[in-house]
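Reader: Hi! I'm new to reading protein structures. Could you walk me through this one?

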Amino acid sequence: MTFPPKVEDVLRGVEVKAAVSKEGKKVLNVETQVFLSCLHRNFNERRLELLKQRDEFVKRIDEGEVLPNFLAETKYIREDRNWRGPSLGKGLEERKVEITGPVHEKKMVINGLNSKVSAYMADFEDSLSPTWNNLMNGQVNLYEAVRKSIEIKGEEGGNKKQYKLNNKEELPTLIVRPRGLHLDEKHVLVDGKAMSGSIFDFGVYFFNNGKETIKQESGPYFYLPKLEHHLEAKLWNDIFNYSQDYIGMKRGSIRATVLIETLPAVFQMDEIIYQLREHSSGLNCGRWDYLFSYMKTFKNDKRFVLPNRSLVNMSVGFMRSYVELLIDTCHKRGVHAMGGMAALIPIKNDKEMNAKAMKSIKEDKLREVLAGHDGTWIAHPGIAPIAYEVFNKYIPGPNQMQHEKKKKREISNFDLLSPFIDEGIISEEGIRLNIRAGIIYSENWLKGVGCVAINYLMEDAATAEVSRLQLHQWVKFNVKTDENKRVDKEYVARLFEEESRKLIESNRANEEVINKAAQYFKEGCVGEKFHKFLTTMLYDEITTVGRSFSESKL
């Protein structure tokens, strides 16, 4: 194939179903659309087939035919200790502290890049509500961020205000997270079919910024979310190779860290690194999505019902086993083992509560570094000093890959699946907390906000999904609370009504969207049909084809 193809051969059948601003045309011009259409036509059918295979596997689990386990056909990959991942990419040698945040607000991107951290993960996924404006603003923001020209000039409170990069020579390494393979982008059609949201996010960013990142002595770096099978990693590897060939970039310039945040993927970590070959930069413990996936996988099995969300932490057996196996796998292959997100954020108006929260964060980061993680995630710049204090103390060099470790225990299928939790309870307050968190998050998502602080915790799609699946399971199996109340649809419906009313009374201006959010979240919890993702339930409400609370005009 000749690269690049002729415009007239590929642009037929491409439709952008939303307005593109003047700034947006910088990143979604004709050349970018040609590239996107090539990616879609070459890889979308494989993506859809892999999603179909996910459903088939879930069906087998639901019917009790199988449990997740290590694959017999790829045993040779796991047992071969001679192969390793690629050399570390420039700017990725040390990743002790990475800050994450959505890309749609310019100020947030500037703050992320001004943070004193190793890397900044710019997010198109769980912390972003994918309205068209958010996506386009995010791509424009990253275009300017890569070129170090991003800034805001204007007035605030009657005073002139400017936000800009503080030190262009010492910025954190930029890593971009596109949406998961299961999400569509309905604003862009190719041959009458919606593009993959993941391919769209990746393609726009890579085509516009890939070569420029190399000039900046970095590279086009990515986080890949919600993979469930090593063949999905192979799909991404093929997309990477095609894309690098397309723009004339050396293969292996891209690096990707895969979030291990689904239960099936934890049994295929060696294989995922192997499939990415020269593009792998490690694995990450996406703890909240992993917990969501665990509950979703066993939604029909009463043996796997979990207690209140706050009690299922990283010290419980199956979560600890997941961490141990990830770290051992990564270091065996010479790639980074990244820790997860502590959802707590600084509490400004209560010194005592803030001290308690910061102590909890420090303990969490200490657990991670002692387990062997090379770095961790934070959601707020104020957490960076705490995280660095811990990681610098125990990692004098850039990472822990070369450290001598005691022989790890063999992690079995049983270790990764057993849900045993001491003193686990389900309480009415736990149910109410899940309902409130889910409604508030859904309300914000409908308004175009993908992450929100609730009770001093940074909630995103992953934590909302944990709340939803817990409610779904508790109702399905009619569990009893510690107050000896039977959890059934009528009981939960009453609590939904009470919590919705409280939220409306505290914010009458948003009554319509709160009711809409409660309707969707309740359906996701106790509806007759099981919904795989809350975000796919809500998506049409924020597109131009549906009702949009966030974008009345495009």
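Author: Happy to; we'll go from the whole chain to a few of its parts. This is a predicted model, where local features need pLDDT of at least 70, side-chain atom pairs count only at pLDDT 80 or more, and totals for chains, interfaces and linings use all residues. Residues are numbered from 1 along each chain as its sequence is written, and side-chain values use heavy atoms, leaving out hydrogens and water.

Reader: What share of the residues count as buried?

Author: Of the 554 residues, 59% count as buried. Buried means under 20% relative accessible area, exposed over 50%, and partly exposed in between, using a 1.4 Å probe and protein chains only.

Reader: Let's switch to rings. How many aromatic pairs are there?

Author: A search of the whole structure finds 24 aromatic pairs. One of them is phenylalanine 202 with tryptophan 236, which is edge-to-face at 5.8 Å centre to centre, with 80 degrees between the planes. For the cut-offs, rings of Phe, Tyr and Trp (its six-membered ring) pair if their centres lie within 6.5 Å; planes under 30 degrees apart are stacked, over 60 edge-to-face, and the rest tilted.

Reader: Which helices do those two residues lie in?

Author: Phenylalanine 202 lies in helix α7 (residues 197–215) and tryptophan 236 in helix α8 (residues 230–247), so the pair ties together parts that are 34 residues apart in sequence. Phenylalanine 202 is buried at a relative accessible area of 1%, and tryptophan 236 is buried with 1%.

Reader: What about tyrosine 205 and phenylalanine 222, how are their rings arranged?

Author: Their centres are 5.7 Å apart and their planes are at 85 degrees, so that pair is edge-to-face. Tyrosine 205 lies in helix α7 and phenylalanine 222 in strand β9 (residues 221–224), so parts 17 residues apart in sequence are tied together. Tyrosine 205 counts as buried at 0% relative accessibility, and phenylalanine 222 counts as buried at 1%. One aromatic cluster includes Phe202, Tyr205, Phe222 and Trp236, with Phe35 and Phe43 also among its members.

Reader: Nice. Which charged end sits over the ring of tyrosine 143?

Author: That is the charged end of arginine 147, 3.6 Å from the ring centre. Likewise, the charged end of lysine 299 sits over the ring of phenylalanine 530, 4.9 Å from its centre. The rule here is that NZ of Lys or CZ of Arg is within 6 Å of the ring centre and within 35 degrees of the ring normal.

Reader: New topic: what is the strand order in the open sheet of three strands?

Author: The order is β1-β7-β8, with antiparallel pairing. Two strands pair if DSSP finds at least two bridges between them. β1 (14–16) and β8 (193–196) stand at the edges with a single partner strand each, so one side of each is left without a neighbour in the sheet.

Reader: How many bridges join β7 to β8?

Author: Four bridges join strand β7 (residues 184–190) to β8. Aspartate 184 stands opposite serine 196 in β8.

Reader: And β2, is it enclosed or open?

Author: Six of the six residues of β2 are buried, so β2 is largely enclosed by the rest of the structure. Val97, Ile99 and Gly101 point one way from β2, while Glu98, Thr100 and Pro102 point the other way.

Reader: Which strands pair with it?

Author: Three bridges join β2 to β13 in the parallel sense, with isoleucine 99 opposite isoleucine 378. β2 also pairs in the parallel sense with strand β3 (residues 119–123), over five bridges. In β3, alanine 119 is the bridge partner of glutamate 98.
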